[in-house]
Amino acid sequence: EDMSRRKYGVPAEVFSAFRHTFFEGIHAHDFVELVNNELKLPLSLTLRLPADGGIDKWTMDNLMRGELLAVTFASVKNRRTKHWALCTGCEGSASGRAIKPDTILVLDPGGNDAHYSAANARLVAPQSGPGSRGGKTADELLKSKSDKPIDWMYDSPTGVNEPVRLTAAVRFRLTDWS
């Protein structure tokens, strides 16, 4: 909240490095480059793009391992609408030891405050209808060898519901505290 007024410390360094993107936004590869090369933080960022193949599965696999990720997604209806959100986890169903995730929980900076909640929006893999690819379940889509993107349904309590596709995923890992 006070990053723009800070003069010292990590908040001041982060704001200084990203100041030029404040009103314009930033592409995922530029974000990763700035954090990995400009800031001397104990973080290692890994970027995954749709061209790398299997971005949806990679994102869900990392979330299932408890990794922290940020994703960018674009509206299926209007590709020019792009947005960042922080992934806080995933949810789905479980039967015995079989876990079938079908939803990515996100903190959307453009959404309502997430009072006492882990997320303020969700990306849900549709079970049927547009984007479901022949009635396959989310688990089947994520486990398939196909690199075709999933049309996630962005679901927000504010009433914004639209199909989106992941355009990038960035995984954050701590490297060394020394």
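# A guided tour of pockets, cores and cysteines

The structure holds zero disulfides, a disulfide being a pair of cysteine sulfur atoms within 2.5 Å. This is a predicted model, in which local features need pLDDT of at least 70 and side-chain atom pairs count only at pLDDT 80 or more, while totals for chains, interfaces and linings use all residues. Residues are numbered from 1 along each chain as its sequence is written, and side-chain values use heavy atoms, with hydrogens and water left out.

**Stop 1: the cysteines.** Select cysteine 87 and cysteine 90. The sulfur of cysteine 87 has its closest cysteine sulfur, that of cysteine 90, at 9.4 Å, which is too far for a bond. Cysteine 90 is likewise in no disulfide. Cysteine 87 counts as buried, at 1% relative accessibility, whereas cysteine 90 is partly exposed, with a relative accessible area of 23%. Here buried means under 20% relative accessible area, exposed over 50%, and partly exposed in between (1.4 Å probe, protein chains only).

**Stop 2: the largest pocket.** Rolling a probe the size of a water molecule over the atoms shows where empty space is left. About 890 Å³ of space lies in the largest pocket. Of the 26 residues lining this pocket, select Val14, Phe18, Thr21, Ile26 and Phe31, the closest to its centre. A pocket is an open set of points on a 1 Å grid over the protein atoms alone, where a 1.4 Å probe fits, with protein on both sides within 12 Å along at least five of seven lines; lining residues have an atom within 4 Å of a point. Grid points are joined across faces, edges and corners, and the volume is the space filled by probe spheres set on them.

Colour next α1 (9-18), α2 (28-38) and β3 (82-95), the elements that give two or more residues to the lining of the largest pocket. β3 gives the most, with five residues. Helices (H or I, at least four residues) and strands (E, at least two) are DSSP runs, numbered from the N terminus. By class, the lining has 18 nonpolar, four polar and four charged residues. Within α1, Ala12, Val14, Phe15, Ala17 and Phe18 are buried, and what covers the buried residues of α1 includes α2.

**Stop 3: the second largest pocket.** This pocket has a volume of about 220 Å³. Among its 13 lining residues, Ile26, His27, Ala28, Thr72 and Lys82 are the closest to its centre. At least two lining residues come from each of α2, β3 and β7 (161-174), and the largest share, three residues, is that of β3.

**Stop 4: the nonpolar cores.** Select Phe73, Ile104, Leu123 and Trp152, which touch the most other members of the 20-residue largest nonpolar core. Such a core is a set of buried Ala, Val, Leu, Ile, Met, Phe, Trp, Tyr and Cys residues joined through side-chain atoms within 4.5 Å. α3 (55-64) and β2 (68-75) are among the elements that supply at least two residues each, and α3 gives the most, with four. Leaving aside neighbours within four places in sequence, tryptophan 152 is in contact (heavy atoms within 4.5 Å) with residues including Met60, Ile104, Leu123, Pro163 and Leu166. Apart from this core lies another, of 15 residues, among them Val35, Leu39, Leu45 and Ala168.

**Stop 5: a residue of α3.** Finish at asparagine 62, found in helix α3. Is this residue buried or exposed? At 0% relative accessibility, asparagine 62 counts as buried. Its contacts, leaving aside neighbours within four places in sequence, are Glu67, Leu69 and Arg171.

Note on methods
Nonpolar A, V, L, I, M, F, W, Y, C, P; charged D, E, K, R; others polar.
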